[in-house]
Each structure stands twice: as structure tokens, then as C-alpha cells.
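Here's a quick walk through the fold, from overall numbers down to one pair of strands. Have a look at the model first.

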Amino acid sequence: MGFEKFGRVSFTAQTKVGNFVDYLEKGELAGTKCPKCGRKYFPPRADCSWCPDSTVAWIKIEGTGKLVSFTRVHYGPTGFEDDVPYTLALADFNGVKVFGRLSKDLDEGQTKVGMEVKAVTAFLPGGQLSYELVPV
Ligand SMILES: [Zn+2]
């Protein structure tokens with residue numbers, strides 16, 4: 001499977017981090033970690049931006065994260081117009097910052113900075129895959 005399976009709107013089929021979709025298919029969210037400097041990346045990067053190295057390893061984004069920030073989107077970009085309103089959020093999973101959508105099951109008034117969330121695979125229409133943050 002290629003990277004074209006990722007997201008509501010696919011922008012590319014080829015990437016050096018295509019395994020990201022394989023993790024999503026298994027219900028897992030993954031980032032990468034540089035074995036030399038220990039920096040962790042999400043979204044996953046194939047190359048460390050600090051070391052001249054491409055030996056990064058895959059790591060799973062597991063457990064609970066804490067919501068750092070969020071914003072409500074009322075005017076979606078091209079391809080997302082029919083999906084508004086939705087909430088974009090940033091959560092900290094033990095030092096790895098994960099940016100993504102917050103579950104639509106959560107009412108706007110229930111969203112609070114500091115609340116615990118977990119990352120889950122979102123199975124979209126047409127066989128597309130993504131992920132979202134859901135309250136714990
Ligand atoms: Zn590095």
C-alpha cells in the first residue's frame with residue numbers, strides 16, 4: 001500500500017515514511033526517532049534534522065497524551081469544506097508533540113487544555129486512513 005491511502009485528501013503517493021500507513025492499518029500511530037541524538041519526530045521524518053543521518057527508527061505513539069492547545073476550524077481548506085466544523089489539537093505524548101484532529105464525539109465545551117487523550121486510527125470512507133485524538 002502506498003501513502004495515497006493516508007488522509008481525507010491525499011497529496012502524495014510516494015514518501016520515505018510510507019510505513020506510517022502500515023502502522024495506521026494496524027491501529028497504531030508511529031513517529032520516528034534518531035538513534036544518534038535521540039530526537040523524536042511526529043509527523044515521522046526519514047532524516048534527522050540535527051544529524052546528517054538517515055538511520056531513524058520507527059517508534060509507536062502510545063499511552064495517553066495531554067492536550068496542549070486546540071482550535072476550532074469553521075472554514076476548511078480545499079477538500080475539507082464539507083467536514084467543518086472540526087477541532088485541530090496539539091497533544092504531548094511524553095515529549096512527542098502530536099498534531100491532529102480531535103474526535104468529533106467530543107462537544108466543543110468539553111475540550112480543555114491538559115485533558116488526557118489517546119491517538120487512534122480513523123478509518124475514513126473509501127478506505128482512506130488517518131488518525132485522531134480521543135479523550136481517555
Ligand atoms: Zn539526530
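Call a residue buried if 20 or more other C-beta atoms lie within 10 Å of its own, exposed if 12 or fewer, and partly exposed in between, with C-beta atoms placed from the backbone. On that count, buried residues make up 18% of the 136 residues in the protein chain.

Bear in mind that this is a predicted model: local features need pLDDT of at least 70, side-chain atom pairs count only at pLDDT 80 or more, and totals for chains, interfaces and linings use all residues. Numbering starts from 1 along each chain as its sequence is written.

The protein chain has 1 helix and 8 strands, in the order α-β-β-β-β-β-β-β-β. These are DSSP runs numbered from the N terminus: helices are H or I with at least four residues, strands E with at least two. The radius of gyration, taken over C-alpha atoms, is 15 Å, close to the 14 Å from the globule rule (2.2 Å times the number of residues to the power 0.38), so the protein chain is as compact as a globular protein of 136 residues.

| Quantity for the protein chain | Value |
|---|---|
| Radius of gyration | 15 Å |

Now the strands. A closed barrel of 5 strands runs 4-5-6-8-7 with mixed pairing, where two strands pair if DSSP finds at least two bridges between them. Strand 6 (residues 96–102) and strand 8 (residues 129–135) run parallel, joined by 2 bridges. Leu102 has Leu133 in strand 8 as its bridge partner.
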